[in-house]
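Here's a quick briefing on a protein chain, put together for someone who likes the cut-offs spelled out. Have a look at the model first, then read on.

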Amino acid sequence: MVREAFISILRKSGYKATRSRLAVLAVFERNKSPLSTQAILEKLPRGIDQATVYRTIKSFKEKGIIAQIDLRHNHAHYELASLKKHHHVVCLRCGRLEDVYRCDAEAIQSAVLKSSRHFAEIKEHALEFYGVCKSCAAAAARHA
């Protein structure tokens with residue numbers, strides 16, 4: 001994405017294209033993996049107020065500009081919501097993360113609704129997979 005695309009995203013969401021908001025979006029564009037708030041802060045240029053960044057992340061999440069991801073690290077991670085719909089597989093040993101695009105979430109969602117006695121619709125879902133990556137499995141086999 002380029003600066004003009006960021007400005008368009010912000011304006012469509014009712015925001016002014018401030019230096020801080022543009023900088024936060026640029027961090028997401030440069031980093032293709034989900035980021036913690038701390039990682040975002042570390043990647044921003046100097047002079048951007050920490051409280052402003054927290055407010056920006058909160059408002060971007062509320063407006064659907066970014067999506068919150070739970071990677072079981074005891075804090076939230078975020079990524080651009082405009083990315084192609086996907087899930088993640090995470091190594092429990094080293095934290096390596098890989099995007100998963102082949103997942104029939106719609107079929108799962110439909111099955112959940114059919115079997116549910118109390119729900120009429122599902123608004124959103126989160127699905128992450130956890131396991132051991134090939135590198136960690138090979139390292140464990142060498143030390144066994």
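R96 is partly exposed, with a relative accessible area of 47%; that label covers the range between buried (under 20%) and exposed (over 50%), using a 1.4 Å probe and protein chains only. Keep in mind that this is a predicted model, where local features need pLDDT of at least 70, side-chain atom pairs count only at pLDDT 80 or more, and totals for chains, interfaces and linings use all residues. Residues are numbered from 1 along each chain as its sequence is written, and side-chain values use heavy atoms, with hydrogens and water left out.

**Around R96**

- You'll find R96 in the loop between β4 (87-91) and β5 (97-100).
- Leaving aside residues up to four places away in sequence, R96 touches V89, V90, C91, C133 and S135, where a contact means heavy atoms within 4.5 Å.
- R96 and C133 are 37 residues apart along the chain, and their C-alpha atoms are separated by 7.3 Å.

**The cysteines**

- A disulfide is a covalent bond between the sulfur atoms of two cysteines.
- The rule here asks for a pair of cysteine sulfur atoms within 2.5 Å, and by that rule the count is zero disulfides.
- C94 is in no disulfide, and its nearest cysteine sulfur, that of C136, is 3.7 Å away.
- C94 is partly exposed, at a relative accessible area of 45%, whereas C136 counts as buried at 14% relative accessibility.
- For C136, the closest cysteine sulfur is in C133 at 3.6 Å, which is too far for a bond.

**Overall layout**

- The protein chain has six helices and six strands; these are DSSP runs numbered from the N terminus, with helices being H or I of at least four residues and strands E of at least two.
- Going along the sequence, the pattern reads α-α-β-α-α-β-β-β-β-α-β-α.
- Taken along the principal axes, the C-alpha atoms fill a box of roughly 50 × 50 × 25 Å.
- The protein chain has 144 residues, and 32% of them count as buried.
- Take the contacts between residues at least 6 apart in sequence: 47% of those join residues at least 24 apart.

**α2 against α4**

- Helix α2 (residues 19-30) packs on helix α4 (residues 50-63) at an angle of about 70°, with the axes 10 Å apart; axes are lines fitted to C-alpha atoms, for helices over the stretch in contact, and angles run from 0 to 180 degrees between N-to-C directions.
- α2 and α4 are therefore roughly perpendicular to each other, on a scale where under 35 degrees is roughly parallel, over 145 roughly antiparallel, 65 to 115 roughly perpendicular and the rest oblique.
- S20, R21, V24 and L25 on the α2 side meet T52, V53, T56 and F60 on the α4 side.
- By class, the contact of α2 with α4 has four nonpolar, three polar and one charged residues; Ala, Val, Leu, Ile, Met, Phe, Trp, Tyr, Cys and Pro count as nonpolar, Asp, Glu, Lys and Arg as charged, and the others, Gly among them, as polar.

**α1 against α2**

- The axes of helix α1 (residues 3-12) and α2 come within 10 Å and cross at roughly 120°, so the two helices are oblique to each other.
- From α1, R3, F6, I7 and L10 meet R21, L22, L25, A26 and E29 of α2.
- The contact of α1 with α2 divides into six nonpolar, no polar and three charged residues.
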